[in-house]
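Student: I would like to go through some labels and see what each one rests on.
Tutor: Then let us take them one at a time.

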Amino acid sequence: MTATVAAHRLAESATGWLNGGIHHLRLDPDDDETYKSLGETALAAAIILREGVAGAGQQHAAHDLLEHAWQELGRGDVLYARQAGNPASADPLEIYVHFARAGLRHPALEELLRHLRRTCPEHAMEMLPNRRLAVANAARATGLEPSADMTALAARTWLGAATAPWLVDRATAYCMTHTVFHLTDWGADPGGLTPEMVGYLELWLPVWLDVWTEIAQWDLVGELLIVDACLPAPVCPPEAWTGLAEVQRPDGRLPRDAQPGPDEPGEAFLHDHHPTVVAAIAGTLGLSRRLHAPAVVV
């Protein structure tokens, strides 16, 4: 199995599993995990539609996933209410951007967000550096005026500081991956990374990938492969893609790790939703980069 075939299989099977079980994911006002998961569903769907490398069936599934998440969030009304109720919160914008990418807009929410960005700038809020990048990129992608310089924000991150690579741990690795996601707008702009960041990642990304593959942290392995697809040219070996595709279950879901998940379908869907979203995104971006860059097809 080539890396191209593996990426295609990852994306198509993961999207099918997500769409087949999405009825298990309903907004629970008392459980923010359902809110977050709906946002992640929209992210995966929006990237699949943006990249344009999916077949007709996967594209249709992506449209269904996006519509389900939008409907569960009141077609934007839930996001508006959360933002109005907590003006300092950044998560409504971070979730809304995924719908806005796909053309689903909520004018009242955008008007509120513009007002709040003038009166409650996010630089006054306590956030991790990669979260500041998330907000700035969401504002940029939504069409709101960013209030912070992306280069300056990036310099404050673990990755931007070129921290000694052996100091990475699981939590830091997730922060690092998201720094890359926001600087490149989820792979749309590899030029969003500085040459120094690219050189650092080219050297150390394959090493980190080996570490988390060895301990079967498949969710993080998937995120590291998304980083690979966000670079100007991929550096991870083809075996990383084929290995993750082989871990994927026959039904399309990707397990978080080596531990068996629940068997009940609804519990299994919620348990493995996030890593399977990661698989859908990783596979889509990995396939897209290879199809649009024949010189690096493997």
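Student: Why is Ile 281 called buried?
Tutor: Ile 281 has a relative accessibility of 3%. Buried means under 20% relative accessible area, exposed over 50%, and partly exposed in between, with a 1.4 Å probe and protein chains only. The 3% of Ile 281 is therefore on the buried side.

Tutor: As for the origin of the values, this is a predicted model, in which local features need pLDDT of at least 70 and side-chain atom pairs count only at pLDDT 80 or more, while totals for chains, interfaces and linings use all residues. Residues are numbered from 1 along each chain as its sequence is written, and side-chain values use heavy atoms, with hydrogens and water left out.

Student: Which residues is Ile 281 in contact with, leaving aside neighbours within four places in sequence?
Tutor: They are Leu 43, Ala 44, Ile 47, Trp 186 and Ile 226. Contact means heavy atoms within 4.5 Å.

Student: What makes Trp 186 buried or exposed?
Tutor: Its relative accessible area is 8%, so Trp 186 is buried.

Student: What is the phi of Trp 186?
Tutor: About 55°, a positive value, although Trp 186 is not a glycine. Most residues other than glycine have a negative phi.
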